[in-house]
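Subject: Structure handover

Hello,

Here is the structure we talked about, with my notes below it. Please read them with the model open.

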Amino acid sequence: MVDFKGQVILITGAGRGLGFAYARCIGQLGAMVLIHDSGANAEGDGVDLQIAERAAERLRLEGLNVHAIPGELASREGCHKLCTDALKVAGQLDALIHNAGWVAYQNIELIEESAFDHMMAIAAKAPLWLAQAAWPAMKAAGYGRIIMTTSCRALYPQYVQKGLTSYAAAKMAVIGLTNVLASEGKSDGIVVNAISPVAQTRMWGIEGEPAELHPSEVAPGVAYLASSACTEGGWILRAANGQFHATKMIEATNVDYPRNLRAVRALTAQEVAENWPWIAITNVEPRK
C-alpha cells in the first residue's frame, strides 16, 4: 500500500499545475508536504511568493498537512538553503520532487547565453544541487526518494519542437543525473528516478482546469516514485492521460563494452557508409 504517513515531501514548483497536483495527491496519502514555488511567470521570470502561500492554504482547507517554504533555485547556495530550511521546518526529508521549470522557445540563431544558462540553472543544475543538499540527511536515515523532471520533447526525435534547444539540453542532462545518482544512492537506500509528464497547464497557455490531459492524471505516478513502494532507480516514468510507461536505456545482451558492441564491423568511412542501413536500423540483420 502506498502510504506517506509520518513522511515529509518537498516539491518545487508546486504552487500551480503539475506540482500542485503532486502536492494534493501525496498530501491525501498522509504526507507533510512542503510546497516551494517562486511564483515565476510562464517565461521563468519574476517572483511572487504568494503563489506558494495560496496553494498551501488551499490544500490546508482540504484537511491536508501542507506548508509553503520560500527559496530560490537559481544557485547552488539557494538550493542548499531550501533543503536546510525544509529540514528545520520538519526535522526530516523523505522525498524531494523537483518539478519547477518552464518552456522557452528560441531558434538556434537567436539563443542567448543568458537564456540558456537560466534554463540550465533551473532545469538541470537545480535538481543536482537539491539532491546534493538532501543527500546527507537521506543517507543518515538510510532512506530517500528523489524525482527529477525530464521531457519526451527531448527524449524522442519525433516529439521535438523547433526552438526548444535549451529546454531539450537541460531535460537530457536530467537523464544523466538520474542514472548516476541512482547508482550512487543504491547502497544508502536513496532511490532516484525521473518523471516525463504531459499535462495541459499554463505552459500550454491553459488557465484553470483543462478539458483533457489533466495534471491529476500524472500525479499517481509521481506519488509512486516518491514512496517506499518504489525500490528501483534509474527509470524514466512517462506519464500522460492516466497512463504510465517506465523506460530506460538498456544495453543489448552479451555486449562487452567497449570492445565488442555486437554490432556491424567497419574499418573505413566507406564501409560505414555502405553498412549504414544495417548500422542505423536495429531490426535488420548485418550483411555477411
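Buried residues make up 43% of the 288 in the protein chain. Buried means under 20% relative accessible area, exposed means over 50%, and partly exposed lies in between (1.4 Å probe, protein chains only). This is a predicted model, so local features need pLDDT of at least 70 and side-chain atom pairs count only at pLDDT 80 or more, while totals for chains, interfaces and linings use all residues. Residues are numbered from 1 along each chain as its sequence is written, and side-chain values use heavy atoms, with hydrogens and water left out.

Overall shape

The protein chain has a radius of gyration of 20 Å. That agrees with a compact globule of 288 residues, which would come near 19 Å. The radius is taken over C-alpha atoms, and the globule rule is 2.2 Å times the number of residues to the power 0.38. Along its principal axes, the C-alpha trace spans about 70 × 45 × 40 Å. The chain has eight helices and eight strands. These are DSSP runs, numbered from the N terminus: helices are H or I with at least four residues, strands are E with at least two. Take the contacts between residues at least 6 apart in sequence: 68% of them join residues at least 24 apart. Contact means heavy atoms within 4.5 Å.

Helix packing

For the geometry, axes are lines fitted to C-alpha atoms, for helices over the stretch in contact, and angles run from 0 to 180 degrees between N-to-C directions. Angles under 35 degrees count as roughly parallel, over 145 as roughly antiparallel, 65 to 115 as roughly perpendicular, and the rest as oblique. A crossing is right-handed if the near helix is turned clockwise from the far one by less than a right angle, and left-handed if anticlockwise. For residue classes, Ala, Val, Leu, Ile, Met, Phe, Trp, Tyr, Cys and Pro count as nonpolar, Asp, Glu, Lys and Arg as charged, and the others, Gly among them, as polar.

- α4 with α6. Helix α4 (residues 113-141) packs on helix α6 (residues 165-185) at about 15°, with the axes 8 Å apart. The angle makes α4 roughly parallel to α6. The crossing of α4 and α6 is right-handed. Among the contact residues are F116, M119, M120 and W135 of α4, and Y167, V174, L177 and L181 of α6. By class, this contact has 16 nonpolar, two polar and two charged residues.

- α3 with α4. The axes of helix α3 (residues 76-90) and α4 come within 8 Å and cross at roughly 40°. That makes α3 oblique to α4. The crossing is right-handed. From α3, the contact uses R76, C79, H80, L82, C83 and L87. From α4, it uses A126, W129, L130, Q132, A133, A134 and A137. The classes are 10 nonpolar, two polar and one charged.

- α1 with α2. Helix α1 (residues 17-28) and helix α2 (residues 50-60) pack at about 30°, with their axes 11 Å apart. They are therefore roughly parallel to each other. α1 passes α2 in a right-handed crossing. F20, A23 and R24 of α1 meet A55, R58 and L59 of α2. Four of these residues are nonpolar, none polar and two charged.

Loop residues to look at

H214 sits in the loop between β6 (190-198) and α7 (219-225). H214 counts as buried, at 18% relative accessibility. Leaving aside neighbours within four places in sequence, H214 is in contact with A199 and E209. The C-alpha atoms of H214 and A21 are separated by 9.1 Å, though the two are 193 residues apart along the chain.

Y257 and P258 are joined by a cis peptide bond, with omega about 0°. P258 lies in the loop between β8 (243-247) and α8 (269-280).

Where else does that loop between β8 and α8 deserve a look? R262 is also found there. Phi of R262 is near 50°, a positive value in a residue other than glycine. R262 counts as exposed, at 55% relative accessibility.

N241 is in the loop between β7 (236-240) and β8. Phi of N241 is near 60°, again positive in a residue other than glycine. N241 is partly exposed, with a relative accessible area of 40%.

Best wishes
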